[in-house]
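Here is a short tour of one protein model and the two ligands it holds. Take a look at the sequence and the structure, then read on.

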Amino acid sequence: MKDRFERNITYLRLSVTELCNLRCRYCMPEEGVCKKKHEDMLREDEMIQAVETAAALGIKKVRITGGEPLVKKNILPICRRVAAVEGIEEVCMTTNGILLPALAKQLREAGVQRINISLDTLDEKKYAQMTRRGELRQALLGLEAALDAGFEKVKVNTVLIGGFNDDEIPALAGLTRKYPIDVRFIELMPMYDSGEFSPEAFLSNDIVLERLPELVPATADGGVAKLYRFPDGKGNVGLISPISAHFCQKCNRLRLTADGKLKPCLHSSGEYPIKGKTMEEMLEQMKRAILEKPECHGALSYGQPSGAKRSMNQIGG
Ligand code: SAM
Ligand code: SF4
(Lines give C-alpha, C1' and ligand atoms only; values in the text may rest on other atoms or scores of the structure.)
(Ligands and ions follow the chains in the order given, each with its own letter.)
Protein backbone atom coordinates (compact mmCIF):
# COMPACT_ATOMS: atom_id res chain seq x y z
CA MET A 1 0.00 0.00 0.00
CA LYS A 2 1.21 3.49 -0.80
CA ASP A 3 1.32 6.30 1.74
CA ARG A 4 0.39 9.93 1.05
CA PHE A 5 3.86 10.60 -0.37
CA GLU A 6 3.77 7.80 -2.97
CA ARG A 7 6.08 5.60 -0.89
CA ASN A 8 5.20 1.94 -1.32
CA ILE A 9 5.24 0.38 2.17
CA THR A 10 6.59 -3.14 1.68
CA TYR A 11 8.81 -3.74 4.73
CA LEU A 12 7.74 -4.57 8.30
CA ARG A 13 10.18 -4.61 11.22
CA LEU A 14 8.67 -6.94 13.78
CA SER A 15 10.07 -6.61 17.29
CA VAL A 16 9.40 -9.81 19.22
CA THR A 17 10.75 -8.75 22.63
CA GLU A 18 12.17 -5.74 24.47
CA LEU A 19 14.46 -7.95 26.52
CA CYS A 20 18.12 -8.45 25.75
CA ASN A 21 21.14 -10.40 26.95
CA LEU A 22 23.35 -7.31 26.39
CA ARG A 23 23.07 -3.68 27.49
CA CYS A 24 24.65 -1.64 24.70
CA ARG A 25 25.26 1.87 25.97
CA TYR A 26 23.63 3.59 22.98
CA CYS A 27 20.54 1.39 23.13
CA MET A 28 19.29 0.71 26.63
CA PRO A 29 19.93 1.58 30.27
CA GLU A 30 22.20 -0.57 32.41
CA GLU A 31 19.39 -1.83 34.62
CA GLY A 32 17.56 -3.14 31.55
CA VAL A 33 13.99 -2.33 30.75
CA CYS A 34 11.30 -2.46 33.37
CA LYS A 35 9.74 -5.76 32.44
CA LYS A 36 6.22 -5.09 31.23
CA LYS A 37 3.36 -7.36 32.16
CA HIS A 38 3.19 -10.50 30.05
CA GLU A 39 -0.42 -9.75 29.12
CA ASP A 40 0.57 -6.34 27.71
CA MET A 41 2.91 -7.88 25.14
CA LEU A 42 1.85 -9.36 21.80
CA ARG A 43 1.33 -13.11 21.85
CA GLU A 44 2.76 -15.28 19.07
CA ASP A 45 -0.69 -15.63 17.43
CA GLU A 46 -1.17 -11.85 17.46
CA MET A 47 2.24 -11.32 15.83
CA ILE A 48 1.31 -13.74 13.08
CA GLN A 49 -2.11 -12.09 12.60
CA ALA A 50 -0.32 -8.75 12.29
CA VAL A 51 2.04 -10.16 9.65
CA GLU A 52 -0.93 -11.63 7.75
CA THR A 53 -2.68 -8.27 7.87
CA ALA A 54 0.47 -6.50 6.74
CA ALA A 55 0.90 -8.98 3.87
CA ALA A 56 -2.68 -8.27 2.76
CA LEU A 57 -1.66 -4.59 2.50
CA GLY A 58 1.41 -5.35 0.41
CA ILE A 59 4.19 -6.02 2.92
CA LYS A 60 6.64 -8.46 1.35
CA LYS A 61 9.64 -8.34 3.66
CA VAL A 62 9.70 -8.92 7.43
CA ARG A 63 12.72 -8.30 9.63
CA ILE A 64 12.53 -9.96 13.04
CA THR A 65 14.24 -7.86 15.67
CA GLY A 66 14.04 -6.82 19.33
CA GLY A 67 15.49 -6.36 22.02
CA GLU A 68 17.37 -9.51 21.23
CA PRO A 69 15.13 -11.81 19.16
CA LEU A 70 17.11 -14.92 20.09
CA VAL A 71 16.28 -14.64 23.81
CA LYS A 72 12.62 -15.17 22.90
CA LYS A 73 11.74 -18.78 23.81
CA ASN A 74 9.39 -19.32 20.86
CA ILE A 75 11.60 -17.60 18.29
CA LEU A 76 11.78 -20.64 15.99
CA PRO A 77 7.99 -21.12 15.66
CA ILE A 78 7.61 -17.36 15.16
CA CYS A 79 10.13 -17.41 12.29
CA ARG A 80 8.57 -20.53 10.77
CA ARG A 81 5.07 -19.04 10.88
CA VAL A 82 6.14 -15.64 9.54
CA ALA A 83 7.94 -17.34 6.64
CA ALA A 84 4.77 -19.31 5.84
CA VAL A 85 2.51 -16.23 5.56
CA GLU A 86 1.24 -15.86 2.01
CA GLY A 87 2.79 -12.84 0.33
CA ILE A 88 5.89 -12.70 2.54
CA GLU A 89 8.84 -13.17 0.23
CA GLU A 90 11.73 -12.37 2.53
CA VAL A 91 12.33 -13.06 6.23
CA CYS A 92 15.41 -11.47 7.80
CA MET A 93 16.69 -11.08 11.34
CA THR A 94 18.86 -8.59 13.22
CA THR A 95 20.68 -10.09 16.21
CA ASN A 96 23.70 -9.46 18.40
CA GLY A 97 24.83 -12.95 17.40
CA ILE A 98 25.60 -14.21 20.90
CA LEU A 99 23.12 -17.12 20.68
CA LEU A 100 23.71 -17.92 17.01
CA PRO A 101 26.11 -20.83 17.61
CA ALA A 102 23.16 -22.78 19.07
CA LEU A 103 20.45 -21.43 16.78
CA ALA A 104 21.81 -20.45 13.34
CA LYS A 105 21.05 -23.74 11.57
CA GLN A 106 17.56 -23.97 13.08
CA LEU A 107 16.78 -20.38 12.08
CA ARG A 108 17.83 -21.10 8.52
CA GLU A 109 15.63 -24.22 8.50
CA ALA A 110 12.76 -22.16 9.94
CA GLY A 111 12.88 -19.94 6.85
CA VAL A 112 15.10 -17.00 7.85
CA GLN A 113 16.92 -16.05 4.65
CA ARG A 114 19.18 -13.19 5.69
CA ILE A 115 20.83 -12.25 8.93
CA ASN A 116 22.42 -9.05 10.25
CA ILE A 117 24.79 -9.26 13.20
CA SER A 118 25.60 -6.19 15.27
CA LEU A 119 29.30 -5.82 16.02
CA ASP A 120 30.88 -2.48 16.90
CA THR A 121 34.45 -3.47 17.73
CA LEU A 122 36.98 -6.27 17.32
CA ASP A 123 38.58 -5.50 20.67
CA GLU A 124 37.54 -7.76 23.54
CA LYS A 125 37.73 -5.08 26.24
CA LYS A 126 35.90 -2.48 24.18
CA TYR A 127 33.19 -5.01 23.33
CA ALA A 128 32.66 -5.78 27.01
CA GLN A 129 32.64 -2.07 27.83
CA MET A 130 30.11 -1.02 25.12
CA THR A 131 27.77 -3.97 25.63
CA ARG A 132 28.26 -3.80 29.44
CA ARG A 133 28.28 -7.61 29.64
CA GLY A 134 29.05 -9.29 26.29
CA GLU A 135 31.98 -11.43 25.21
CA LEU A 136 33.41 -10.64 21.78
CA ARG A 137 34.39 -14.31 21.29
CA GLN A 138 30.71 -15.33 21.44
CA ALA A 139 29.67 -12.75 18.85
CA LEU A 140 32.47 -13.86 16.49
CA LEU A 141 31.45 -17.50 16.94
CA GLY A 142 27.93 -16.34 16.09
CA LEU A 143 29.18 -14.75 12.86
CA GLU A 144 30.96 -17.98 11.89
CA ALA A 145 27.87 -20.03 12.75
CA ALA A 146 25.77 -17.78 10.49
CA LEU A 147 28.24 -18.27 7.64
CA ASP A 148 28.18 -22.05 8.14
CA ALA A 149 24.37 -22.18 8.28
CA GLY A 150 24.05 -21.04 4.65
CA PHE A 151 22.01 -17.83 4.94
CA GLU A 152 21.54 -16.09 1.59
CA LYS A 153 23.23 -13.02 3.01
CA VAL A 154 25.13 -12.24 6.21
CA LYS A 155 25.82 -8.63 7.16
CA VAL A 156 27.58 -6.97 10.06
CA ASN A 157 26.10 -3.72 11.42
CA THR A 158 28.54 -1.37 13.14
CA VAL A 159 27.40 1.76 14.97
CA LEU A 160 30.12 4.34 14.35
CA ILE A 161 31.08 6.07 17.60
CA GLY A 162 33.73 8.80 17.70
CA GLY A 163 36.46 8.06 20.24
CA PHE A 164 35.32 4.46 20.50
CA ASN A 165 35.63 2.64 17.19
CA ASP A 166 36.63 5.22 14.56
CA ASP A 167 40.20 3.88 14.91
CA GLU A 168 38.87 0.44 13.89
CA ILE A 169 37.24 1.49 10.60
CA PRO A 170 39.94 -0.28 8.51
CA ALA A 171 39.79 -3.46 10.61
CA LEU A 172 35.97 -3.63 10.65
CA ALA A 173 35.62 -2.84 6.94
CA GLY A 174 38.45 -5.34 6.37
CA LEU A 175 36.10 -8.15 7.47
CA THR A 176 34.69 -7.91 3.92
CA ARG A 177 38.06 -9.12 2.63
CA LYS A 178 38.11 -12.08 4.99
CA TYR A 179 34.46 -13.17 4.74
CA PRO A 180 31.75 -12.99 2.03
CA ILE A 181 29.77 -10.47 4.09
CA ASP A 182 28.76 -6.83 3.93
CA VAL A 183 29.83 -4.51 6.76
CA ARG A 184 27.58 -1.49 7.22
CA PHE A 185 28.50 1.54 9.28
CA ILE A 186 25.49 3.20 10.91
CA GLU A 187 25.64 6.71 12.31
CA LEU A 188 24.96 6.86 16.04
CA MET A 189 21.43 8.13 16.64
CA PRO A 190 20.59 10.18 19.73
CA MET A 191 17.77 8.13 21.25
CA TYR A 192 15.81 8.66 24.42
CA ASP A 193 17.64 6.84 27.23
CA SER A 194 20.58 5.97 24.99
CA GLY A 195 23.46 6.93 27.21
CA GLU A 196 25.52 10.02 27.53
CA PHE A 197 27.68 10.53 24.51
CA SER A 198 29.67 13.70 23.89
CA PRO A 199 29.16 15.67 20.66
CA GLU A 200 32.38 14.10 19.29
CA ALA A 201 30.75 10.65 19.42
CA PHE A 202 28.31 11.62 16.63
CA LEU A 203 30.39 11.18 13.49
CA SER A 204 29.28 11.54 9.90
CA ASN A 205 29.82 8.42 7.82
CA ASP A 206 32.00 10.54 5.49
CA ILE A 207 34.85 9.63 7.79
CA VAL A 208 34.73 6.04 6.50
CA LEU A 209 35.49 7.23 2.96
CA GLU A 210 38.21 9.58 4.26
CA ARG A 211 39.90 6.75 6.15
CA LEU A 212 39.52 4.24 3.30
CA PRO A 213 40.30 6.04 0.02
CA GLU A 214 40.75 2.69 -1.72
CA LEU A 215 36.98 1.99 -1.51
CA VAL A 216 35.19 2.17 -4.86
CA PRO A 217 31.42 2.55 -5.40
CA ALA A 218 29.65 -0.83 -5.71
CA THR A 219 27.00 -1.54 -8.31
CA ALA A 220 24.53 -3.47 -6.11
CA ASP A 221 21.48 -1.70 -4.66
CA GLY A 222 21.99 -1.34 -0.91
CA GLY A 223 18.54 0.07 -0.12
CA VAL A 224 19.12 2.73 2.54
CA ALA A 225 22.86 1.94 2.53
CA LYS A 226 25.28 3.48 0.04
CA LEU A 227 27.55 0.65 -1.04
CA TYR A 228 31.29 0.61 -1.69
CA ARG A 229 33.85 -2.17 -1.86
CA PHE A 230 37.54 -2.89 -1.73
CA PRO A 231 38.80 -3.92 -5.18
CA ASP A 232 39.72 -7.31 -3.63
CA GLY A 233 36.68 -7.47 -1.28
CA LYS A 234 34.33 -10.46 -1.01
CA GLY A 235 31.47 -8.22 0.15
CA ASN A 236 30.42 -4.57 0.30
CA VAL A 237 31.07 -1.78 2.78
CA GLY A 238 27.79 0.08 3.36
CA LEU A 239 27.13 3.51 4.82
CA ILE A 240 23.79 4.12 6.52
CA SER A 241 23.54 7.80 7.32
CA PRO A 242 20.30 8.67 9.15
CA ILE A 243 21.87 11.89 10.44
CA SER A 244 24.12 13.30 7.73
CA ALA A 245 21.87 12.24 4.82
CA HIS A 246 18.51 10.99 6.03
CA PHE A 247 16.61 8.70 3.68
CA CYS A 248 12.98 9.51 4.62
CA GLN A 249 11.92 9.97 0.99
CA LYS A 250 12.94 6.35 0.34
CA CYS A 251 11.52 4.94 3.59
CA ASN A 252 9.29 1.92 2.89
CA ARG A 253 9.09 0.73 6.53
CA LEU A 254 6.49 0.12 9.13
CA ARG A 255 7.46 -1.04 12.62
CA LEU A 256 5.57 -3.16 15.13
CA THR A 257 6.79 -3.06 18.74
CA ALA A 258 6.69 -6.06 21.06
CA ASP A 259 3.94 -4.36 23.07
CA GLY A 260 1.77 -4.11 19.98
CA LYS A 261 2.22 -0.53 18.75
CA LEU A 262 2.57 0.19 15.04
CA LYS A 263 5.19 2.89 14.48
CA PRO A 264 5.19 4.44 11.04
CA CYS A 265 8.39 6.42 11.75
CA LEU A 266 11.39 5.43 13.89
CA HIS A 267 11.98 8.98 15.11
CA SER A 268 8.41 10.23 15.57
CA SER A 269 6.16 9.65 18.55
CA GLY A 270 3.10 8.44 16.57
CA GLU A 271 1.94 4.96 17.68
CA TYR A 272 -1.11 2.90 16.64
CA PRO A 273 -2.04 0.11 19.08
CA ILE A 274 -3.15 -3.26 17.73
CA LYS A 275 -3.06 -5.36 20.90
CA GLY A 276 -6.44 -7.01 21.52
CA LYS A 277 -7.92 -5.86 18.18
CA THR A 278 -9.93 -8.02 15.80
CA MET A 279 -8.48 -8.69 12.33
CA GLU A 280 -10.71 -5.97 10.81
CA GLU A 281 -9.70 -3.45 13.46
CA MET A 282 -6.06 -4.37 12.98
CA LEU A 283 -6.39 -3.82 9.25
CA GLU A 284 -7.92 -0.37 9.84
CA GLN A 285 -5.15 0.60 12.29
CA MET A 286 -2.49 -0.53 9.85
CA LYS A 287 -4.03 1.46 7.01
CA ARG A 288 -4.20 4.51 9.30
CA ALA A 289 -0.57 4.07 10.35
CA ILE A 290 0.53 3.91 6.70
CA LEU A 291 -1.62 6.86 5.61
CA GLU A 292 -0.43 8.97 8.53
CA LYS A 293 3.26 8.08 8.09
CA PRO A 294 5.12 11.39 8.42
CA GLU A 295 6.89 12.73 5.35
CA CYS A 296 10.09 13.05 7.34
CA HIS A 297 11.36 12.98 10.91
CA GLY A 298 12.72 16.12 12.53
CA ALA A 299 16.43 16.88 12.29
CA LEU A 300 18.57 14.63 14.47
CA SER A 301 21.86 15.66 15.99
CA TYR A 302 23.67 15.79 19.26
CA GLY A 303 21.34 18.02 21.31
CA GLN A 304 18.36 17.25 19.06
CA PRO A 305 17.36 13.75 20.09
CA SER A 306 14.91 11.42 18.42
CA GLY A 307 11.23 12.27 18.80
CA ALA A 308 10.42 8.62 19.51
CA LYS A 309 9.56 8.31 23.16
CA ARG A 310 11.26 4.94 23.44
CA SER A 311 14.74 3.52 23.67
CA MET A 312 15.98 1.54 20.68
CA ASN A 313 15.47 -1.89 22.28
CA GLN A 314 11.78 -0.93 22.68
CA ILE A 315 11.47 -0.21 18.96
CA GLY A 316 13.74 -2.69 17.21
CA GLY A 317 16.14 -0.40 15.39
N1 SAM B 1 19.56 -6.97 19.58
C2 SAM B 1 19.67 -6.97 18.15
C3 SAM B 1 20.95 -6.35 17.68
O4 SAM B 1 21.62 -5.68 18.48
O5 SAM B 1 21.28 -6.53 16.51
C6 SAM B 1 18.48 -6.33 17.46
C7 SAM B 1 17.90 -5.08 18.05
S8 SAM B 1 18.95 -3.64 18.00
C9 SAM B 1 17.90 -2.43 18.75
C10 SAM B 1 18.89 -3.25 16.26
C11 SAM B 1 19.99 -2.36 15.75
O12 SAM B 1 19.85 -1.07 16.30
C13 SAM B 1 21.42 -2.83 16.09
O14 SAM B 1 22.17 -2.98 14.91
C15 SAM B 1 21.95 -1.71 16.95
O16 SAM B 1 23.33 -1.55 16.79
C17 SAM B 1 21.15 -0.51 16.46
N18 SAM B 1 21.09 0.58 17.40
C19 SAM B 1 20.64 0.57 18.68
N20 SAM B 1 20.73 1.79 19.24
C21 SAM B 1 21.24 2.62 18.29
C22 SAM B 1 21.57 4.01 18.26
N23 SAM B 1 21.38 4.80 19.31
N24 SAM B 1 22.07 4.51 17.10
C25 SAM B 1 22.27 3.71 16.01
N26 SAM B 1 21.96 2.40 15.98
C27 SAM B 1 21.47 1.85 17.10
FE1 SF4 C 1 20.52 -5.49 23.00
FE2 SF4 C 1 20.66 -5.02 20.39
FE3 SF4 C 1 20.17 -3.04 22.10
FE4 SF4 C 1 22.58 -4.12 22.10
S5 SF4 C 1 21.63 -3.00 20.39
S6 SF4 C 1 21.31 -3.67 23.92
S7 SF4 C 1 22.15 -6.20 21.63
S8 SF4 C 1 18.85 -4.73 21.70
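## One side of helix 2

This model is predicted. Start with helix 2, which spans residues 75-83. Which of its residues are buried? They are I75, L76, I78, C79 and V82. These five positions cover an arc of only 160° around the axis, so they sit on the same side of helix 2. An α-helix has 3.6 residues a turn, so residues three or four places apart point the same way.

What covers these buried residues? The cover includes strand 1 and helix 1. It also includes strand 2 (61-65), strand 3 and helix 3 (100-109).

## A buried glutamate

Now turn to E18. It lies in the loop between strand 1 (11-15) and helix 1 (44-56). Is E18 buried or exposed? Its relative accessibility is 3%, and buried means under 20%. E18 therefore counts as buried.

The side chain of E18 makes a polar contact with the side chain of K36, at 2.7 Å. Leaving aside residues up to four places away in sequence, E18 touches V33, K36, M41, G67, A258, D259, R310, N313 and Q314. Keep G67 in mind. It returns in the shells of both ligands.

## Around ligand 1

How many residues surround ligand 1? There are 19, and the closest are Y26, G67, E68, S118 and M189. By class, the shell divides into seven nonpolar, 10 polar and two charged residues.

Look at the polar atoms next. A polar backbone atom of Y26 is 3.0 Å from a nitrogen atom of ligand 1. A backbone N or O atom of G67 lies 2.9 Å from a nitrogen atom of the ligand. S118 uses its side chain: a polar atom there lies 2.6 Å from an oxygen atom of ligand 1. Taken alone, ligand 1 exposes 550 Å², and the protein buries 94% of that. Which elements give two or more residues to this shell? They are strand 3 (90-95) and strand 5 (153-160).

## Around ligand 2

Which residues lie around ligand 2? They are C20, L22, R23, C24, C27, M28, G67 and N96. Three cysteines are among them: C20, C24 and C27. Sorted by class, this shell has five nonpolar, two polar and one charged residues.

Note on methods:
Residues are numbered from 1 along each chain as its sequence is written. Chains are lettered from A and ligands numbered from 1 in the order in which they are written. This is a predicted model: local features need pLDDT of at least 70, side-chain atom pairs count only at pLDDT 80 or more; totals for chains, interfaces and linings use all residues. Side-chain values use heavy atoms; hydrogens and water are left out. A residue is near a molecule or strand if one of its heavy atoms lies within 4 Å of it. A polar contact is a pair of N or O atoms within 3.5 Å; within protein, one must be able to donate a hydrogen and the other to accept it, and residues adjacent in sequence count only if both atoms are side-chain atoms. Accessible areas come from the Shrake-Rupley method with a 1.4 Å probe; for residues, only the protein chains shown count as cover. Helices (H or I, at least four residues) and strands (E, at least two) are DSSP runs, numbered from the N terminus. Ala, Val, Leu, Ile, Met, Phe, Trp, Tyr, Cys and Pro count as nonpolar, Asp, Glu, Lys and Arg as charged, and the others, Gly among them, as polar. Buried means under 20% relative accessible area, exposed over 50%, partly exposed in between (1.4 Å probe, protein chains only). Contact means heavy atoms within 4.5 Å. The arc is that of the directions from the helix axis to the C-beta atoms.
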